[in-house]
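Hi everyone, thanks for coming.

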Amino acid sequence: MWRSLHGIGRNADSGGYRRYAWTPADADCRLWFRMQAEARRLDVETDRNGNQWAWLGDPTAGDAVVTGSHLDSVPDGGAFDGPLGVVSAFAALDELRARGVSFKRPLAIVNFGDEEGARFGLACVGSRLTSGQLTKEKAFELRDADGISLPQAMEAAGYDPEAIGHDPERLARIGAFVELHVEQGRALDLSGDPVGIASAIWPHGRWRYDFHGEANHAGTTRLVDRRDPMLPYAETVLAARREAELAGAVATFGKIAVEPNGVNAIPSLVRGWLDARAADQESLDAVVAGIEAAARDHAVRRGVDLAVVRESFTPVVEFGHALREELSRLLADSTGTKVPVLGTGAGHDAGILSASIPTAMLFVRNPTGVSHSPAEFAAEDDCVAGVHALADVLEGLACR
Ligand SMILES: [Zn+2]
């Protein structure tokens with residue numbers, strides 16, 4: 001499975017993946033999913049929001065155990081973030097069939113659409129739409145860097161954008177959702193465990209900073225006459241680092257757009273996107289407020305106008321204690337050891353769905369902690385340990 005997925009959407013120069021929503025690479029991933037499901041005699045369907053489901057048993061029974069993740073990627077993303085959860089889901093089903101178990105509840109494997117938000121700037125679009133956390137109206141306003149709207153992109157890919165929206169009937173089918181994911185930090189590496197259970201997802205959000213200055217000639221405009229928005233932007237990047245360090249949080253300006261974007265022109269606009277996350281709401285509020293205050297100070301001193309827009313926000317997600325405890329117990333029984341419980345700064349579909357249904361997550365060790373990069377890695381033994389853990393959990397939930 002890993003090899004057959006390996007080449008899809010892979011950029012030969014960077015070695016990273018460019019699997020963006022509703023692109024040909026995305027279609028290839030979806031075809032791959034369908035073929036894996038059909039090879040296992042599962043019933044495949046795509047829901048109104050473009051999420052793919054592969055069913056074993058009656059979808060309408062109302063208490064299905066669902067597992068899976070996503071197949072899309074960030075720009076030049078790694079091979080594991082998302083795909084590991086989908087591949088492990090199919091592999092865990094194979095493992096359960098090899099064990100000869102009989103299913104008492106329906107099982108489904110899911111591939112959520114547009115989890116990373118690489119194209120339209122909003123993460124977890126598929127699960128947000130399904131759970132009602134993103135309305136059709138708001139989704140229709142999303143545009144990619146080329147100005148193509150989400151409905152246009154869906155339509156071009158052969159899907160009906162008019163159908164998208166809250167899908168309570170779909171949610172009502174799910175009794176529990178367990179997402180396996182490569183860890184995007186080093187907690188498991190430090191504790192020496194191949195697999196862990198998620199406790200919570202940090203609250204996190206994205207803010208757009210527009211610094212408006214005045215375009216002018218880079219050679220003839222005296223320094224004192226400039227209103228250069230790059231300067232307060234640069235100062236704000238440093239402020240973000242400082243504020244995050246103070247609060248034990250993380251804050252990142254990882255995307256920037258410059259106008260007119262000429263080597264010999266003072267910019268008229270520098271637009272930077274802030275991604276900030278912290279263990280709790282209070283710390284996050286303090287970090288975000290501190291960065292904005294610093295940005296406003298610097299903007300005023302440089303004669304630059306600043307507008308700050310919050311583009312998305314996800315509150316803290318505590319995974320349901322009952323399901324989490326059950327996972328702990330099931331894995332303690334099957335492995336004979338206590339599996340560590342850890343928090344994460346990364347958002348996931350499981351976090352979005354946890355507001356509507358019982359969800360839990362398993363993490364697989366990532367030796368360097370690197371993610372959203374071609375260097376993202378998990379050792380084969382650890383991936384296999386993840387499959388076994390997922391199979392143990394699914395057997396405990398769906399077969400007893
Ligand atoms: Zn992911």
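Let's begin with the buried residues of α10, which are L284, V287, V288, I291, A295, H298 and A299. Around the helix axis they take up an arc of only 105°, which means they sit on the same side of α10. Please keep in mind that this is a predicted model.

So what covers that buried side? Among the elements over the buried residues of α10 are the strands β7 (204-212), β9 (250-259), β11 (269-277) and β12 (305-314), along with the helix α9 (230-247). On the face turned away from the buried side, you'll find the exposed residues E282, A289, A293, V300 and R301.

Now a quick check on the length of the helix. α10 runs over residues 281-301, and because each residue should contribute 1.5 Å, its 21 residues should span 30 Å; the end C-alpha atoms are 30 Å apart, which agrees. After α10 comes G303, and its phi is positive, near 70°.

At what angle do the axes of α11 and α13 cross? The axes of α11 (residues 321-335) and α13 (residues 380-398) cross at roughly 115°, coming within 9 Å, and the crossing is right-handed. On the α11 side, the residues that meet α13 are L327, L330, L331 and S334, and their counterparts in α13 are A389, D392, V393 and G396. Sorted by class, that contact has 5 nonpolar residues, 2 polar and 1 charged.

That's my tour, and I'm happy to go back to any of these views.

Conventions: Residues numbered from 1 in each chain as written. Predicted model: local features only at pLDDT ≥ 70, side-chain atom pairs only at ≥ 80, totals over all residues. Helix = DSSP H or I, 4+ residues; strand = E, 2+ residues; numbered from the N terminus. Expected span 1.5 Å × (residues − 1). Buried ≥ 20, exposed ≤ 12 C-beta atoms within 10 Å, placed from the backbone. Arc of directions from axis to C-beta. Contact = placed C-beta atoms within 7 Å. Axes fitted to C-alpha atoms, helices over the stretch in contact; angles between N-to-C directions. Left-handed = near helix turned anticlockwise from the far one by under 90°. Nonpolar A, V, L, I, M, F, W, Y, C, P; charged D, E, K, R; others polar.
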